[in-house]
Amino acid sequence: MKEQPVAAISRRKIEAELYGQLYETISNKSGKEKALEIIRENLKTSAFKAGQNFAKTAENGPNLKHFSSIVEAWKTGDAIKVAEMFIEDNLLKIDVVRCNYQQAYYDMGLPDELCKLLSCSRDEPFAKGYSKNLRMVRETTLAEGGKCCPFRFYWD
């Protein structure tokens, strides 16, 4: 029997528990800033590699349409709510109006600074790992108090 993949939100909750413990340990030994720096670097590296792996699933090579298909995985388990999503020319526009990833981290009792880091720091390195032609712009996030996370992915 083929193993069923874990929903992204379930995986992120498991990872968040470990990152929370790591944050506490490093903070106690080296301070909060050092802990955040180490976790940020690890998140960037793992997200970049995940983007590279997702790119390998594109039958005709990485492209904006294929990249947009990742949103379905992100939505699994009611993890995010997308108000608007479309591709026009070299732009993929995605407006996320609810993020249960962020909420799950707060519900776990993780510190605010770690919740924001875990919620928002993966997106750009994932895009960069997917393709050097993909550029992400996001002017605000729900975690920062924005009304939505206005993702703009440009294929340059």
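Visitor: Which elements cover the buried residues of helix 7?

Guide: This is a predicted model. The cover over the buried residues of helix 7 includes helix 2, helix 3, helix 4 (70–75), helix 6 (112–120), strand 3 (134–137) and strand 4 (149–155). Six of the eight residues of helix 7 are buried, and the helix is mostly covered. The buried residues are Asp123, Pro125, Phe126, Ala127, Gly129 and Tyr130.

Visitor: How is the packing of two helices described?

Guide: Two packed helices are described by the angle between their axes and by the distance between those axes. Here, the axes of helix 2 (residues 32–55) and helix 7 (residues 123–130) come within 6 Å and cross at roughly 40 degrees. Helix 2 is therefore oblique to helix 7. Their crossing is right-handed.

Visitor: Which residues make the contact between helix 2 and helix 7?

Guide: Helix 2 contributes Lys44, Ala47, Phe48, Ala50, Gly51, Gln52, Phe54 and Ala55, while helix 7 contributes Pro125, Phe126, Lys128, Gly129 and Tyr130. Sorted by class, this contact has eight nonpolar, three polar and two charged residues.

Visitor: At what angle do helix 1 and helix 5 pack?

Guide: Helix 1 (residues 8–30) and helix 5 (residues 100–107) pack at an angle of about 35 degrees, and their axes are 10 Å apart. This crossing, too, is right-handed. Ala8, Ile9, Arg12, Lys13 and Ala16 of helix 1 meet Asn100, Tyr101, Ala104 and Tyr105 of helix 5. The classes here are six nonpolar, one polar and two charged residues.

Visitor: Is His66 buried or exposed?

Guide: A residue counts as buried when its relative accessible area is under 20%. His66 has a relative accessibility of 16%, so His66 counts as buried. This residue lies in helix 3 (residues 64–68). Leaving aside residues up to four places away in sequence, His66 touches Phe54, Thr57, Ala58 and Tyr130. Of these, Phe54 of helix 2 and Tyr130 of helix 7 also belong to the contact between those two helices.

Visitor: Which residues touch the most other members of the largest nonpolar core?

Guide: In soluble globular proteins, nonpolar side chains tend to be buried together. The largest nonpolar core here has 41 residues, of which Phe67, Tyr101, Leu114, Leu118 and Phe153 touch the most other members. Helix 2 gives the most to this core, with seven residues.

Visitor: What does Phe153 touch?

Guide: Not counting residues up to four places away in sequence, Phe153 touches Leu64, Phe67, Asn90, Leu91, Leu92, Ile94, Ala127, Leu134, Arg135 and Met136. Among them, Ala127 is one of the buried residues of helix 7.

Terms used
Residues are numbered from 1 along each chain as its sequence is written. This is a predicted model: local features need pLDDT of at least 70, side-chain atom pairs count only at pLDDT 80 or more; totals for chains, interfaces and linings use all residues. Side-chain values use heavy atoms; hydrogens and water are left out. Axes are lines fitted to C-alpha atoms, for helices over the stretch in contact, and angles run from 0 to 180 degrees between N-to-C directions. Helices (H or I, at least four residues) and strands (E, at least two) are DSSP runs, numbered from the N terminus. Angles under 35 degrees count as roughly parallel, over 145 as roughly antiparallel, 65 to 115 as roughly perpendicular and the rest as oblique. A crossing is left-handed if the near helix is turned anticlockwise from the far one by less than a right angle, and right-handed if clockwise. Contact means heavy atoms within 4.5 Å. Ala, Val, Leu, Ile, Met, Phe, Trp, Tyr, Cys and Pro count as nonpolar, Asp, Glu, Lys and Arg as charged, and the others, Gly among them, as polar. A nonpolar core is a set of buried Ala, Val, Leu, Ile, Met, Phe, Trp, Tyr and Cys residues joined through side-chain atoms within 4.5 Å. Buried means under 20% relative accessible area, exposed over 50%, partly exposed in between (1.4 Å probe, protein chains only).
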